[in-house]
Amino acid sequence: VLDPLTFHREKNNNIDKFVGLCAHCALQDIAPSGADDPIAYLYDEANIPSGRTLSEYIRQIERESINQHSSYPAELVDQFAECFDNFLDLVTRIGFYSDSQQLVGDTTPIPTTTTDSTEQTVGGSGAARSPAMYGKRSFKFQYLTTVNSMTNFVLSVEPYFEKDQKANRLDNQLERAVSHPRLDIDHVTFDKGYYSKEIFKTLRRHIGDDWVVCAKRQGEISKLID
């Protein structure tokens, strides 16, 4: 599945270790640049790649190319897209995704204690999270996932830095998911956070007019129902 991850470096043999580093960072909720010390308590130092080295690889790619849909390198997007295809091929061969699927989209915040208000963070650290503990800002991500009992797999994750970017990200995500030859999407579900004109336009582009909106019975909606 992970063979495409090379960062386009011909003599880089640390991909498996970098994947392990990222998994550890996700588990411990720390950034790669700060993982060196805590990870050394668990693993032989010789097997630990530097998080700063990984970040530098990514920065080198970032200097060359930024994807039009995102704020991260197009080359990384292409590599992970290949991994995504490999994953779907694998699980399909095993027997998953043999039936039609429900696709669900939503957003999730990753709190940060930084006070920096740059485009990389968004205000609000998430529901029921104390700003005193988690900070007043967070990194925001939008994801698509299949939610049938046997296929609870996240298909796509994209960062967004302003709320009005959600439609742009969703356009990119749905284009790939709905048209993928391995996926038979029966229906797509979003909550009230996606009640916006731009989101509706995006949905119409990918799934036509075959969709409904749960709306309050007032104004034009009330007249239509009557």
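## Reading rings, a helix and a pocket

Analyst: Welcome! In this predicted model, a search of the whole structure turns up six aromatic pairs.

User: How many numbers describe such a pair, and what are they in the case of phenylalanine 87 and phenylalanine 153?

Analyst: A pair of aromatic rings is described by the distance of the centres and the angle of the planes. For phenylalanine 87 and phenylalanine 153 these are 5.2 Å centre to centre and 90° between the planes, an edge-to-face pair. The pair links distant parts of the chain, 66 residues apart: phenylalanine 87 belongs to helix α4, and phenylalanine 153 to the loop between β3 and β4.

User: Is phenylalanine 87 buried or partly exposed?

Analyst: Buried would mean under 20% relative accessible area; phenylalanine 87 has 24%, so it counts as partly exposed. Buried residues of α4 include Phe84, Leu88 and Val91.

User: Which residues lie nearest the centre of the second largest pocket?

Analyst: Rolling a probe the size of a water molecule over the atoms shows where empty space is left. The second largest pocket has a volume of about 530 Å³. Of its 21 lining residues, Val188, Phe190, Leu203, Trp211 and Val212 lie nearest the centre. The lining comprises 14 nonpolar, three polar and four charged residues, with β5 and α7 each supplying at least two.

How values were computed
Residues numbered from 1 in each chain as written. Predicted model: local features only at pLDDT ≥ 70, side-chain atom pairs only at ≥ 80, totals over all residues. Heavy atoms only, no water. Buried < 20%, exposed > 50% of the residue type's maximum accessible area, 1.4 Å probe, protein only. Helix = DSSP H or I, 4+ residues; strand = E, 2+ residues; numbered from the N terminus. Phe/Tyr/Trp six-rings, centres within 6.5 Å; stacked < 30°, edge-to-face > 60°. 1 Å grid on protein atoms, 1.4 Å probe; cavity = no way out; pocket = protein on both sides within 12 Å on 5 of 7 lines; lining within 4 Å. Points joined across faces, edges and corners; volume = space filled by probe spheres on them. Nonpolar A, V, L, I, M, F, W, Y, C, P; charged D, E, K, R; others polar.
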